[in-house]
Amino acid sequence: MKIIKTKSPAETIALGKRIGRLAGPGDVIALIGDLGSGKTTITKGLASGAGVENKNSVLSPSFVLIKEYHGRMPVYHMDIYRLDERSAIDSLGYEEYIYGNGLAIIEWADKVKDILPPAFLKVELEVAGKDKRIIKLVPHGERFKKIVNHL
Ligand SMILES: Nc1ncnc2c1ncn2[C@@H]1O[C@H](COP(=O)(O)OP(=O)(O)O)[C@@H](O)[C@H]1O
Ligand SMILES: [Mg+2]
């Protein structure tokens, strides 16, 4: 586990980028935190580190639930904030994304804990002031322990 404090959106994006550079096909990153805590912001960095060229194309996918970007590998950006019903979650066909060959990044992952694979990186974001965020990286599985140690 590692706790990192950022003092600006740019710092959070930079952290995401460092993680995204180490990410590989099939990896899952679970983002947890209140509205405005920085989940979409860190996703810009994660996608950028994973080779997605225009990080500004990374916006909250709330209305479409899943967006796909093209980097070194497919990057699936999911936001399940609006998904309240279990049946709606199942109808997404999420397995294809979470157990596929891309990097899956899931905003509000705490709502779908049971669909997460055994190995994933949990990222908890907390607002600690106007521009301050406390970001807790909790690795699940050996691969993510190594990644977190390398940061
Ligand atoms: N240190 C920081 N890290 C991330 N976002 C920050 C930070 N400081 C301020 N912000 C602002 O907080 C907001 C975070 O929004 P967003 O990333 O969309 O959150 P979420 O997806 O968790 O709802 C943005 O307006 C961003 O500019
Ligand atoms: Mg968001």
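Two strands pair if DSSP finds at least two bridges between them, and strands (E, at least two residues) and helices (H or I, at least four) are DSSP runs, numbered from the N terminus. The model is predicted, with local features needing pLDDT of at least 70 and side-chain atom pairs counting only at 80 or more, while totals for chains, interfaces and linings use all residues. Residues are numbered from 1 along each chain as its sequence is written, and chains are lettered from A and ligands numbered from 1 in the order in which they are written.

**Exercise 1.** Find the strands that are joined to E5, and state how they run.

*Solution.* Begin with strand E4 (residues 74-79), which 5 bridges join to E5 in a parallel run; here Asp79 stands opposite Glu107 in E5. Then turn to strand E2 (residues 28-32), which is also parallel to E5 and is joined to it by 4 bridges, with Ile29 standing opposite Ile105.

**Exercise 2.** Decide whether the two faces of E5 are covered or open.

*Solution.* A residue is buried if 20 or more other C-beta atoms, placed from the backbone, lie within 10 Å of its own. In a regular strand the side chains alternate between the two faces of the sheet.

Conventions: A residue is buried if 20 or more other C-beta atoms lie within 10 Å of its own, exposed if 12 or fewer, and partly exposed in between; C-beta atoms are placed from the backbone.
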